[in-house]
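Q: Could we go through this model together? I'd like to start with the whole chain and then look at some details.

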Amino acid sequence: MKVAEAVGRALAAAGVRQVFGVVGSGNFHLTNAMVAAGARFVAARHEGGAATMADAYARVSGTVAALSVHQGPGLTNALTGVAEAAKSRTPLLVLAAEVTEPRSNFHIDQEELARAVGAVPLRITTAGDAVAQALDAVRRATHDRRTVLLNLPLAVQALDAPDDAPERAAPPPARQPVEPTAADVTALAQLLERSRRPVFVAGRGARSPGARDALEALADRYGALLATSAVARGLFHGNPWSLDVSGGFASPLAAELIADSDLIVGWGCALNMWTTRHGTLIGPGTTVVQVDDDPSALGVHRDIRLGVTGDVERTARRALRTAGPRRPGRRTAEIAEAVAARLLWRDVPYEDTGDEERIDPRTLNIGLDDLLPAERVIGVDSGNFMGYPTMYLSVPDENGLCFTQAFQSIGLGLATAIGAALARPDRLAVAVLGDGGAMMGAGELDTVRRLGLPMLVVVHNDDAYGAEVHHFGPHGHPLGTVEFPATDIAAVARGYGFDAVTVRTPGDLRAVGDWLAGPRSAPLLVDAKVVADRGAWWLEEAFRGH
């Protein structure tokens, strides 16, 4: 048995059961060995798409996924997706064939590439240690919640491995939750006791049913309002005291209530510039607390009064055990009435600027939200448009939105939705893209069709890179570099085997309803010609003064 086969079989035995990639000569035997051992392989049309599919699958499924790539250009093609995963602390295993001969045209310093984008570089070095080193990579990805690049030199892959090596492989033991110290729990409880207007902001580290239940119980005891970062949107879906998303996407009412808090507790949340709207949601006298099981994350983006190192659920439950009698806090009839009546963006009045040629993106997304089934999983690309689907389309829970935006690259949205769709086949997958991102990732339309995914792809088409148009246009800068001739993206989709419809008015959305009611024998792409009269509200806020 060669090392390539031994490592592939061992990885599958260790629980790596979903692999994405593009296969070349360097990763052919490894990938086939994983498939033979029971892993599922999804071939993408580009390594960049494969990387993001693997990232999204890992986020939504809660399991470690793998990306398999050829040496050299296979890895460089994947780097944007790998950087997104690394910045998001996604437990992802990148399996990269490697050439170590400097004179080879495939030779690059793959270890330094990994470090450059924030991934952890590891390497298979000997035949005898190959399986143990592969299992260590799985452990690092799982326990440290890191994106790990496992380099597999071609010469080592071809060596003979001990025949019994894969039989010793097993999934790593479960990661143990970090217990907070008694002193930290006491300090947190004291701050909660003194607070009169608390708000909890939950992030990626709180995305679990157990954490949600613990946070809701603790918030109920102290009368705290609940909010999330964008990546955790849906965590408190259905809770009458939920403010939805904090930060640049926050509705006017949510922003008002968060900014009026005297205590903000970030639970598994970075409290970065996006979640705090460049700090404007933190009042001058507001006390800030951060709870995270990674001590290096505490206070990175914001000055904090208290940093608690601990698992979100464990910390909340221990704080609840020390809590005093129930207090009303923010749970007043006035706030309840306001939240019920005007919390969501779709409840905020607006002037519809659409006409017979172009539809207002707010009208588009409200119409889609009314049509789509509640059980949905949404992947959103980056760009001027992105706030509309992120906030106007509701999600059923914390697994309803897969938000690959840590690197803010366009072109990842379609691959995100593919990975999420495979992780949650019980839900309708919805990819929402701008025209720039749609054209950049168009090759993966073939992957959607080839996999038979009944996916809805919605393109906000303004024939431009809208963020740049609205940032530079008002200052009189020339826009020829960021504006493009009209493109019939619906026709492009039909070429890949999609059903497709062009939407210019609300009435055109009837075709989406017909598709949803039908057999969905082919995926559907909506080429929505959206108005381009102004920048999105969140973009204007982000650009103002920065």
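**Overall shape and make-up**

A: Let's begin with the radius of gyration: this is a predicted model, and for 546 residues a compact globule would have a radius near 24 Å, which agrees with the 24 Å of the protein chain.

Q: And what does the C-alpha trace span along its principal axes?
A: The C-alpha trace of the protein chain spans about 70 × 65 × 45 Å along those axes.

Q: How many helices and strands are there?
A: The protein chain holds 21 helices and 18 strands.

Q: What share of the residues is buried?
A: Buried residues account for 57% of the 546 in the protein chain, and of the contacts between residues at least 6 apart in sequence, 76% join residues at least 24 apart.

Q: How many charged side chains, positive and negative?
A: There are 52 positive and 63 negative side chains in the protein chain, and the centres of these two sets lie 6 Å apart.

Q: Changing topic to sheets: what is the strand order in the open sheet of 6 strands?
A: The order is E14-E13-E15-E16-E18-E17, with parallel pairing. Strand E14 (401–402) and strand E17 (499–503) are the edge strands, each of them pairing on one side only.

Q: How many bridges join E15 to E16?
A: Strand E15 (residues 428–434) and strand E16 (residues 456–461) run parallel and are joined by 5 bridges; Val 432 stands opposite Val 458 in E16.

Q: What about strand E11, is it buried or exposed?
A: Strand E11 (residues 287–292) has 6 of its 6 residues buried, so this strand is largely enclosed by the rest of the structure.

Q: Which residues are on which side?
A: In a regular strand, side chains alternate between the two faces of the sheet. In E11, Thr 287, Val 289 and Val 291 are on one side, while Val 288, Gln 290 and Asp 292 are on the other, and both faces are covered.

Q: Which strands does E11 pair with?
A: Strand E10 (residues 263–267) pairs with E11 in the parallel sense over 5 bridges, and Trp 267 has Val 291 of E11 as its bridge partner. E11 is also joined by 4 bridges to strand E12 (residues 306–309), again running parallel, with Gln 290 opposite Gly 307 in E12.

Q: Now the loops. Where does Ser 195 lie?
A: Ser 195 lies in the loop between helix H8 (182–194) and strand E7 (198–202).

Q: Why is Ser 195 classed as buried?
A: Ser 195 has a relative accessible area of 5%, and buried means under 20%.

Q: What does Ser 195 touch?
A: Leaving aside residues up to four places away in sequence, Ser 195 touches Asp 262, Leu 263 and Arg 327. The C-alpha atoms of Ser 195 and Gly 324, which are 129 residues apart along the chain, are separated by 13 Å.

Q: And where is Arg 233?
A: Arg 233 lies in the loop between strand E8 (225–228) and strand E9 (242–245), and this arginine is buried, with a relative accessible area of 4%.

Q: Which residues does Arg 233 touch?
A: Not counting residues up to four places away in sequence, Arg 233 touches a list of residues including Thr 228, Asp 244, Asp 397, Glu 398 and Leu 401.

Notes. Residues are numbered from 1 along each chain as its sequence is written. This is a predicted model: local features need pLDDT of at least 70, side-chain atom pairs count only at pLDDT 80 or more; totals for chains, interfaces and linings use all residues. Side-chain values use heavy atoms; hydrogens and water are left out. Helices (H or I, at least four residues) and strands (E, at least two) are DSSP runs, numbered from the N terminus. The radius of gyration is taken over C-alpha atoms; the globule rule is 2.2 Å times the number of residues to the power 0.38. Buried means under 20% relative accessible area, exposed over 50%, partly exposed in between (1.4 Å probe, protein chains only). Contact means heavy atoms within 4.5 Å. Lys and Arg count as positive and Asp and Glu as negative; His and the chain ends are not counted. The place of a charge is taken as NZ of Lys, CZ of Arg, CG of Asp or CD of Glu. Two strands pair if DSSP finds at least two bridges between them.
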